[in-house]
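Hi,

Here is the model I said I would pass on.

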Amino acid sequence: LTYENLKEARSAGISDIEISLTGLVNGDHPIPNAELKEKFRRVKHDADSAGINIWSIHMPYGADCDPSHVDETIRSQPEVILFHPSWRLGLNERKQRMSQLVKTITSLNKDVKETGAIIVLENLLGYKLLRSPGVERPLGRTVEEMVEIMDLMPADVYAAIDMNHIKNPERLITALGSRIKSVHIADGDGEKECHQLPGRGKNNWTLILQALDRAGYTGPFLYEIRAKEVNGFTDLVATYHRIYEDYIKSLQP
């Protein structure tokens, strides 16, 4: 996130970005708070100078940063917004984990709102319940489960839809409607972490854009793809225009 890269992105037509904290505040080598603050002051200054809006911050996730943890001493430690509903689960823990998740998000929501921000929860990959013997996939793995989670949340907590985490993401978009405040744009097959450029996976992007339009979504078309998928920022912009043109054609009689 140098000024030069941000300026290049803006020149190519990119207006918004998301920043991830995973590995910076958790994991084996977290960055001290004072150093992290200084890094983000620089990034914010450079983004402003380049004309880039920092749309969202993807809060950390992992076994050591789980908002649904059943151990209260672990669950209550992080004073951060958490976008992923949970980490991996043990068998038959889902209802209890949902309850813990609601505690975490509700307790954080007031402080987040005071900063002028909102909390969004992202759907997670899980076309099959079991990830491995004795280990269930995270919360938010199906349309029905995401609807259940959001129904338990305060009305001013919202959803972020990851198009790479579910088959037929237009179904989830339709189910959550105006509750959607952000997206992760990537193609895939709904069975593994593909993070492909749209058009290289199995998603139907015309149906996705139709569903986002019906839901009244007005946020950015926020990519979350592997770097090797593109040669530069212009590939992202060109892909968006291609998808959008296909969508416009679908509306014509």
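Where is N92 found? N92 sits in the loop between helix 3 (72–75) and helix 4, where helices (H or I, at least four residues) and strands (E, at least two) are DSSP runs numbered from the N terminus.

Before the rest, some ground rules: this is a predicted model, with local features needing pLDDT of at least 70, side-chain atom pairs counting only at pLDDT 80 or more, and totals for chains, interfaces and linings using all residues. Residues are numbered from 1 along each chain as its sequence is written, and side-chain values use heavy atoms, with hydrogens and water left out.

N92 has a positive phi of about 60° although it is not a glycine. It is exposed, at a relative accessible area of 73% (buried means under 20%, exposed over 50%, partly exposed in between, with a 1.4 Å probe and protein chains only). N168 also has a positive phi, of about 50°, and is not a glycine either. You will find N168 in the loop between strand 6 and helix 6, and with 42% relative accessibility it counts as partly exposed.

Three strands make an open sheet in the order 3-6-7, with parallel pairing (two strands pair if DSSP finds at least two bridges between them). Strand 3 (119–122) and strand 7 (180–184) are at the edges with a single partner strand each, so one side of each has no neighbour in the sheet. From one strand to the next, the twist averages 30°; axes here are lines fitted to C-alpha atoms, for helices over the stretch in contact, and angles run from 0 to 180 degrees between N-to-C directions. Strand 6 (residues 157–162) is joined to strand 7 by four bridges, and A160 has S182 in strand 7 as its bridge partner. Helix 4 (residues 94–114) lies across strand 3 and strand 6, at about 140° to strand 3.

On to the packing. The largest nonpolar core has 50 residues, and I52, M153, I161, M163, I173, L176 and L212 touch the most other members. A nonpolar core is a set of buried Ala, Val, Leu, Ile, Met, Phe, Trp, Tyr and Cys residues joined through side-chain atoms within 4.5 Å. Leaving out residues up to four places away in sequence, I161 touches N123, L172, I173, L176, I180, S182, V183 and H184 (contact means heavy atoms within 4.5 Å). A second, separate core of eight residues includes L36, M59, F83 and Y158.

Last, helix 7 (residues 205–215). Eight of its 11 residues are buried, among them W205, I208 and L212. What covers the buried residues includes helix 6, strand 7 and helix 8 (233–251).

The axes of helix 6 (residues 169–176) and helix 7 come within 9 Å and cross at roughly 5°. Helix 6 and helix 7 are therefore roughly parallel (under 35 degrees; over 145 is roughly antiparallel, 65 to 115 roughly perpendicular and the rest oblique). P169, E170, I173 and T174 in helix 6 meet L207, I208, A211, L212, R214 and A215 in helix 7.

Helix 7 and helix 8 pack at about 75°, with axes 9 Å apart, which makes helix 7 roughly perpendicular to helix 8. W205, T206, L209, Q210 and D213 of helix 7 make the contact with I243, Y244, D246, Y247 and S250 of helix 8.

Cheers
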